Amino acid sequence: MVADKGKKLKVADNNEEENPEQIDGELVLSIEKLQEIQDELEKINEKASDEVLAVEQKYNEIRKPVYDKRNEIIKSIPDFWLTAFLSHPALNELLTEEDQKIFKHLNSLEVEDSKDVKSGYSITFNFNPNPYFEDTKLTKTFTFLDEGTTKVTSTSIKWKEGMGIPNGVNNDRKGNKRTHADESFFSWFSEIQQKDSMDEIHDEIAEIIKEDLWPNPLNYFNNEADEEDFEGEGDDDDDEGKGDDSDDDDDEQDDEDDDDGGDEEDN
């Protein structure tokens, strides 16, 4: 009996010594199975991304004529884009007084994705003939490259004689000169990055225009009007309140008259 117990103990000890290898083998097997699942999910995600891009491409084509129709209507509204920029909480700080004068010649704004959507996008400002520069179209393009970098190109503005950054206006005028090029919104078109740059490009102005202003600029064009409407509604509420108070006063007066009439009958 004692010998049997000793054998059992030795077998148990041997099993404990083998467990680490068994555990390692099970762990490797579990990781391999997990990797297979992740690979399967990756294929599904890639397929989903391709299908989402296809849908986005389809609807970009559908949106295009609607955007064109919207632009035609906007052209008939004086200073539409200037007002929308000035009413935007982030973009309004970018326009100097002289920039605002230039923006009065802006007749349309366009944001266009690349055909495959994922390669990049461009932002174009279309101007009527104006006394500031020769160009009627200023474009800034963002191209996403395969290596994960972004190439940025933009129109080199052809300023008319006596105009240009840093002044952006007639250089002969006194008191209107700017001391730094970055004071003008139009310096944004000279802020470009070469394709060999490895730094991640974060163009906040472009993102705001593309993701916030462009989808519904009417939100910002109507911004001040909405505030006035809101104030007007408040005034109406006040007037209604006053009317209710007046009605209450009339009711109280009628009650008093009834009481007086009752007292006279008792007398």
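Author: Helices (H or I, at least four residues) and strands (E, at least two) are taken here as DSSP runs, numbered from the N terminus. The model is a predicted one, in which local features need pLDDT of at least 70 and side-chain atom pairs count only at pLDDT 80 or more, while totals for chains, interfaces and linings use all residues. Residues are numbered from 1 along each chain as its sequence is written, and side-chain values use heavy atoms, with hydrogens and water left out.

Reader: What makes E98 and K101 a salt bridge?

Author: The term requires a side-chain nitrogen of Lys or Arg within 4 Å of a carboxyl oxygen of Asp or Glu. The closest N and O atoms of E98 and K101 are 3.1 Å apart, so the pair meets that criterion. The two residues lie three apart in helix α3 (residues 97-103), and therefore about one helical turn separates them.

Reader: Why is E98 called buried, and why is K101 called partly exposed?

Author: Buried means under 20% relative accessible area and exposed means over 50%, with partly exposed in between (1.4 Å probe, protein chains only). E98 has a relative accessible area of 5%, so it counts as buried, whereas K101, at 36%, falls into the partly exposed class.

Reader: What makes the contact of D113 with K210 a salt bridge, and which parts of the chain does the pair link?

Author: The N to O distance between these side chains is 3.5 Å, so D113 and K210 qualify. The pair links distant parts of the chain, 97 residues apart, with D113 in strand β1 (residues 106-113) and K210 in helix α4 (residues 204-213). Salt bridges that share partners also join D113, K210 and E211 into one network. At 24% relative accessibility D113 is partly exposed, whereas K210, at 18%, is buried.

Reader: Why is helix α2 called mostly covered?

Author: Six of the eight residues in helix α2 (residues 80-87) are buried, namely F80, W81, L82, A84, F85 and S87.
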